Amino acid sequence: MKAVLTRLLQEAVAEAREQGKLKIGKNVPIILEVPKRDGQGDFATTVALSLAKEEGRPPREIASTLVSMLQGRSPLIQKIEIAGPGYINFFLSKDYWYQTLLDICEKKEQYGRSAIGTGKRVQIEFVSANPTGPLHVAHGRAAALGDALARLLQAAGYQVDREYYINDVGNQMTLLGRSTYLRYRELFGEKVTLPDESYRGSYIIEIAEEIKKSAGDRYLTGAEEAHLPFFIRTSYQTILGWIARDLEQFGVQFDRWFPEEDLYREKEVDAALAFLKAEGVLYEQDGALWVATTRYGDDKDRVVMRSNRQMTYFASDVAYHRNKFERGYDRLIDIWGADHHGYIARVKAAVAAMGYSPDRLDILIHQLVNLLREGKPVAMSKRSGEFVTLREVMDEVGVDATRFFFLMRRSDTSLDFDLELAKKASTENPVYYVQYAHARLCSIIRVATERGWRVEEEIQKATAADLAVLDLPEEQALVKQLSLYPDLVQSAAEGLEPHRLTFYLQELAAMLHRYYFDHRVVTEDLPRTRARLVLMAAVQIVLKNALAILGVGAPERM
RNA sequence: GCGCCCGUAGCUCAAUGGAUAGAGCAGUAGCCUUCUAAGCUAUUGGUUGCAGGUUCAAUUCCUGCCGGGCGCACCA
């Protein structure tokens, strides 16, 4: 509807211009908003206000010119008013609301989808935790965010791929292998001292025990160097297996797991550096190789190859992003923890240096998660290796609640996650509150069916005339909220902000609960029952669609 | 010291540059012969950190302070 009004307004401006009633008006941005208060219409625009200065006329006068152009242009508009300093308020006709309901019931799971991303491929890379330990809660937030974003962009028409980048190269892998190796020796009664930088979590001992079980004392004799590759590989594969399993249970399916090692094996790092060299942004200094990222807005130039000939992580990051673009994606999204925000400038600079517009890469930063229990912080210490894992949280509070909680806040603010609250089955818990609204609707439809209503059939054959009995203000308010859903999906997709759906859902659920409490749907009044069933079905569809974007279930019973 | 993010009700947080800044929780007072009380109603609560600037209009954009988080390696 916004699109329709925008077009009408643009036409009105153009026409006024042709008729000499407006001087300017070329490419006027039309901003439509949904007024907060009753009596201010269903949509409003401020064009007249923004034109006032250039036009040199009072905004209300301009508004009146435009309104005269708009009169009678659309049967969906009931009336147009000029208000306040020069707002133009649109009041939509009842037909519009009835059509909306029929539209929702017809489109079902397609309702809310848009085409802004049609024909565009986007890749979202997220989680990408090092395979040196199980996923912890912050990774869970990244997983929920990335997956919801993927679903959101899919709903906006994009073709989306989810990718996990595996840092399987470098010193940390050696450290991981050594840690397991030392724990393995320890299992045979040897007294070992773990170097400071070792991985100390109990999961390392688990892996060592597995190796002991399957291989016995085979690795006790001989040099450590000879056994290290085995310990590295086994630890890495075991941990990656855990990560994959946890993510799958969390409802996240990656299209591709991309090992860093591939970039080296396929000589893509070399190729990327050769490209940069040809571009003249690669130089040698103090025995190291540098990329002149400062030319593209970075604070300082960055090393890609150290003087000891070792590549830095930045080198593979450069190659990786080049690889992504070469795979034909129109748009890339990286999701990183807040501790990596210092890398944004250099990666964007590298992308620019390779000839791709940095605007095609969005880097989303998510802040940390503070785990609470009844309002008190849950102690987490990474140093001792004792941190709360995603698995523990999932197992304790359930996948739906965990995902919803992670998505309740904008990603760049830190998140308080209260385990007890997330488990609570009450109105205090937003997840249950929203899911309950859905279950409640299912229940109404069940009851109607038991009383002989063929609900699906009624919905199919309903017409606008049948819906005219929906004349209560709260019924119109509900329909209005439903009608806003497609715009919400679109703007949330544009802003990469899935959290907006959680707010929308809570509002819609509140309206539904209130309506339920005040009015009965299934009554002796057959026409009214029929119309209300359509309304309830529409609410149910939207709740389900929005929950699906978040990756949260819509239970039929609770 | 430099850079990025955040400062909104007692708490946790919303608000594409627009009309009187909104929810939830906590607090107080109520509501079950009903299609699910895992629910609903009423009510309290604000100098949007401070000071300037841009704009017809600023929580939103710009500058400077104050406070919090994070990052500033030829680390991963």
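This is a predicted model: local features need pLDDT of at least 70, side-chain atom pairs count only at pLDDT 80 or more; totals for chains, interfaces and linings use all residues.
A residue is near a molecule or strand if one of its heavy atoms lies within 4 Å of it.

**Around RNA strand B**

- On the RNA side, sugar and phosphate make up 63% of the atoms of RNA strand B that come within 4 Å of the protein.
- The bases take part too: a polar side-chain atom of Thr46 sits 3.3 Å from a base nitrogen of RNA strand B, and an N or O atom in the side chain of His340 is 3.4 Å from a base nitrogen.
- Sorted by type, the residues of the surface near RNA strand B are 26 nonpolar, 19 polar and 19 charged.

**Domains of chain A**

- The domain assignment divides chain A into domain 1 (2-92), domain 2 (121-165 + 253-366), domain 3 (171-249) and domain 4 (427-550).
- Note that domain 2 is given as two segments, 121-165 and 253-366.
- Between the C-alpha centres of domain 1 and domain 4 there are 32 Å.

**Paired strands**

- Strand S8 (residues 282-285) pairs with S9 in the antiparallel sense, over 4 bridges.
- Within this pair, Glu284 faces Leu289 of S9.
- The hairpin of S8 and S9 has 2 residues between the strands, and Asp286 there has a positive phi near 55°.
- Elsewhere, 3 strands make an open sheet with mixed pairing, in the order S14-S13-S15.
- Its edges are strand S14 (376-377) and strand S15 (415-418), each of which pairs on one side only.
- Strand S13 (residues 369-373) runs antiparallel to S14 and is joined to it by 2 bridges, with Arg373 opposite Lys376 in S14.

**Helix H19 and its cover**

- In helix H19 (residues 473-483), the buried residues are Glu475, Leu478, Val479, Lys480, Gln481, Leu482 and Ser483.
- Their cover includes helix H4 (94-107), helix H20 (485-495), H21 and helix H22 (526-550).

**Positive phi in two loops**

- Most residues other than glycine have a negative phi, which makes the next two residues worth checking.
- Val127 has a positive phi near 65° and belongs to the loop between strand S5 (121-125) and helix H5 (137-155).
- Val127 counts as buried because its relative accessibility is 10%, and the cut-off for buried is under 20%.
- Lys267 has a positive phi near 60° in the loop between helix H9 (260-265) and helix H10 (268-279).
- Lys267 counts as exposed because its relative accessibility is 52%, and the cut-off for exposed is over 50%.

Terms used
Residues are numbered from 1 along each chain as its sequence is written. Chains are lettered from A and ligands numbered from 1 in the order in which they are written. Side-chain values use heavy atoms; hydrogens and water are left out. Buried means under 20% relative accessible area, exposed over 50%, partly exposed in between (1.4 Å probe, protein chains only). A polar contact is a pair of N or O atoms within 3.5 Å; within protein, one must be able to donate a hydrogen and the other to accept it, and residues adjacent in sequence count only if both atoms are side-chain atoms. Ala, Val, Leu, Ile, Met, Phe, Trp, Tyr, Cys and Pro count as nonpolar, Asp, Glu, Lys and Arg as charged, and the others, Gly among them, as polar. Two strands pair if DSSP finds at least two bridges between them. Contact means heavy atoms within 4.5 Å. Domain bounds come from an automatic or database domain assignment.
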